[in-house]
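Thanks for coming. I have one model to go through today, so let me put it on the screen.

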Amino acid sequence: MRRSNAGILAIAFGLALLMPAATSAHTSRATYDYHIGDALIGSIGFPTNSQAMASNGDVVTIIGTGSFSAAGKWATGGGTFSHHVAATDATITGTWVATSLISFQAYGCGELEGSPVPPNFCGGVAKLAITATPDANPGVHRSAALTITCVVGPDMPPNAIEGIRLNVYDHINFNKTVPESGANIFIQQ
């Protein structure tokens, strides 16, 4: 969520009043809601439709919402994907569901580029196990790892980049984040 803007921060504070307060800003054992380039992200003024690129030029766009537990290693939720195939200019669309949390590294909460944000707005890197299903072939279920990075928090490393990466096992690896393509947020419960 890289963009420091007083209006966006005011909207974010307004949204925080509707959500439960965070109990600990730096815990990595909490439960979080995740938002990947979705309507909530757009409503607070950040870009939607998070993207990643594969080495062959293919681009995947991910939108999703759900929850995960850093302590319990569970994840729920899901969303949609759109895979643009560079070689043929075709687009494959479908849905994905989260099946578990592989790992989570917390960056902390309540701070964006040195400015305060709601105390339950958190950053970090979450890696989810997901299953993706193309709309055109609902009998196909591909296992994948979706990595979500959010650059909120006081403990963010200087080389962190907001975005996503998606490794569809034994098929294609979208291992390059497309900067500024979409924002993500973790909201501590």
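**Notes on the model**

I start with Asn 49, which sits in the loop between α2 (39-43) and β2; helices (H or I, at least four residues) and strands (E, at least two) are DSSP runs, numbered from the N terminus. Asn 49 is not a glycine, yet its phi is positive, at about 65 degrees. Its relative accessibility is 32%, so Asn 49 counts as partly exposed; the scale is buried under 20% relative accessible area, exposed over 50%, partly exposed in between, with a 1.4 Å probe and protein chains only.

A word on conventions. This is a predicted model, in which local features need pLDDT of at least 70 and side-chain atom pairs count only at pLDDT 80 or more, while totals for chains, interfaces and linings use all residues. Residues are numbered from 1 along each chain as its sequence is written, and side-chain values use heavy atoms, with hydrogens and water left out.

On confidence: pLDDT is the predictor's confidence in each residue, from 0 to 100. The chain has a mean pLDDT of 88, with 85% of its residues at 70 or more. Over residues 2-27 pLDDT stays under 50, and the model has 51 contacts for them beyond four places in sequence, a contact being heavy atoms within 4.5 Å.

The protein chain has 189 residues, of which 47% count as buried, and it contains two helices and 13 strands. Of the contacts between residues at least 6 apart in sequence, 65% join residues at least 24 apart.

What does β2 pair with? It runs antiparallel to β3, joined by four bridges, and pairs in the antiparallel sense with β12 (residues 176-177) over two bridges; two strands pair if DSSP finds at least two bridges between them. Met 53 has a bridge partner in each, Val 59 in β3 and Lys 176 in β12. The hairpin of β2 and β3 has five residues between the strands, and there Gly 57 takes a positive phi near 95 degrees.

Another positive phi belongs to Asp 89, about 60 degrees, again not a glycine. Asp 89 is in the loop between β4 and β5 and counts as exposed, because its relative accessibility is 57%.

Next, the largest pocket, with about 280 Å³ of space. Of its 18 lining residues, Phe 81, His 83, Ile 92, Arg 142 and His 171 are the closest to its centre. On a 1 Å grid over the protein atoms alone, a pocket is an open set of points where a 1.4 Å probe fits, with protein on both sides within 12 Å along at least five of seven lines; lining residues have an atom within 4 Å of a point. Grid points are joined across faces, edges and corners, and a volume is the space filled by probe spheres set on the points.

Which strand gives the most to this lining? β8, with three residues.

Last, Ala 132, in strand β8. With a relative accessible area of 13%, Ala 132 is buried. Its contacts, beyond four places in sequence, include Phe 81, Trp 96 and Arg 142. Thr 95 is 37 residues from Ala 132 in sequence, but the C-alpha to C-alpha distance is 5.8 Å.
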